[in-house]
Amino acid sequence: MAKRTTIKEGDIFKIIDDKHHRYFQFFYQDLNNLTSDLIWVFNCEDETDDIDKIVKSGYKFYMHTYIRIGIKLNCFEKIGSSVIPNEMQYIPKFRWTNNDLRYKIKDWYIVQGDKKTYVGEHLSDEEKRLPFLSPDFPKMAIETMIRGNKLFMKLG
């Protein structure tokens, strides 16, 4: 029987991919909006299990995914843990809508943890730069980590 991996704040994972190396840190489980895991993706793209090197590379962006499912699908592997720096101890903002994305969006919201603020039809330039609130399933999360968060930015 496979050993169950426990996941706690600060745990660091690597993606399992033949050509690319990316790392992320579990930060927060969002039980209010997506029931998914909020992660910080590191800048490090070298093959390493050196936690200090990964952490010192800094954070690239944040996103939602499902870590436990990723482990079961052999997409993610836990490699260690590190304290989350004080400057990263906050729940970041996302933009969200329940409108059909094929048409002009009339109802934007800014979501931060369990707080949802209605913005309306027009987002500010700053709000347009926020990632879209949507969890990436593990295989898509790997693609997002490899390609960067540019996929978030097309809406708005």
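**Sheet, helices and buried residues in a predicted model**

Strand 4 and strand 9 (residues 135-136) run parallel and are joined by two bridges. Helices (H or I, at least four residues) and strands (E, at least two) are DSSP runs, numbered from the N terminus. Two strands count as paired if DSSP finds at least two bridges between them. The bridge partner of His 64 in strand 9 is Pro 135.

The model is predicted: local features need pLDDT of at least 70, side-chain atom pairs count only at pLDDT 80 or more, and totals for chains, interfaces and linings use all residues. Residues are numbered from 1 along each chain as its sequence is written, and side-chain values use heavy atoms, with hydrogens and water left out. The pLDDT is the predictor's confidence in each residue, from 0 to 100. For the protein chain it averages 87. At least 70 is reached by 93% of the residues. Over residues 151-156, pLDDT stays under 50. The model has 22 contacts (heavy atoms within 4.5 Å) for this stretch beyond four places in sequence. Where pLDDT is low, the predicted coordinates should not be read in detail.

The protein chain has four helices and nine strands. Along the sequence they follow the pattern β-β-β-α-β-α-β-β-β-β-α-β-α. The radius of gyration (taken over C-alpha atoms) is 16 Å for the protein chain. The C-alpha trace spans about 45 × 35 × 30 Å along its principal axes. Of the 156 residues, 43% are buried. Buried means under 20% relative accessible area, exposed over 50%, and partly exposed in between (1.4 Å probe, protein chains only). Among contacts between residues at least 6 apart in sequence, 59% join residues at least 24 apart.

Six strands form an open sheet in the order 5-1-2-3-4-9, with mixed pairing. Strand 5 (76-81) and strand 9 are the edge strands, and each pairs on one side only. Strands of a sheet pair through backbone hydrogen bonds, either parallel or antiparallel. Strand 1 (residues 11-15) and strand 5 run antiparallel, joined by five bridges. Here Asp 11 stands opposite Ser 81 of strand 5. Strand 3 (residues 36-42) and strand 4 also run antiparallel, with six bridges between them. Phe 42 has Tyr 59 of strand 4 as its bridge partner. Strand 4 (residues 59-65) is largely enclosed by the rest of the structure, because six of its seven residues are buried.

Phe 27 lies in strand 2 (residues 23-30). Its relative accessible area is 5%, so Phe 27 is buried. Not counting residues up to four places away in sequence, Phe 27 touches Glu 9, Leu 38, Trp 40, Ile 84, Met 88, Gln 89, Tyr 90 and Ile 91. Gln 89 is 62 residues from Phe 27 in sequence, but their C-alpha atoms are 8.5 Å apart in space.

Thr 97 belongs to strand 6 (residues 94-97). This residue counts as buried, at 6% relative accessibility. A polar atom of the Thr 97 side chain lies 3.0 Å from the backbone nitrogen of Asn 99. The backbone oxygen of Asp 107 is 2.7 Å from a polar atom of that side chain. Leaving aside neighbours within four places in sequence, Thr 97 is in contact with Ile 105, Asp 107, Trp 108 and Phe 132.

Helix 4 (residues 138-147) holds Thr 144. With 2% relative accessibility, Thr 144 counts as buried. Its side chain makes a polar contact of 2.7 Å with the side chain of Asp 136. A polar contact is a pair of N or O atoms within 3.5 Å; within protein, one must be able to donate a hydrogen and the other to accept it, and residues adjacent in sequence count only if both atoms are side-chain atoms. Pro 138, Ala 141, Ile 142, Thr 144, Met 145 and Ile 146 are buried in helix 4. Gly 148 follows the helix, with a positive phi near 100°.

The structure holds zero disulfides (pairs of cysteine sulfur atoms within 2.5 Å). The sulfur of Cys 44 is 20 Å from the closest cysteine sulfur, that of Cys 75, so the two are too far apart for a bond. Cys 44 counts as buried at 4% relative accessibility, and Cys 75 counts as buried at 2%.

Terms used:
The radius of gyration is taken over C-alpha atoms; the globule rule is 2.2 Å times the number of residues to the power 0.38.
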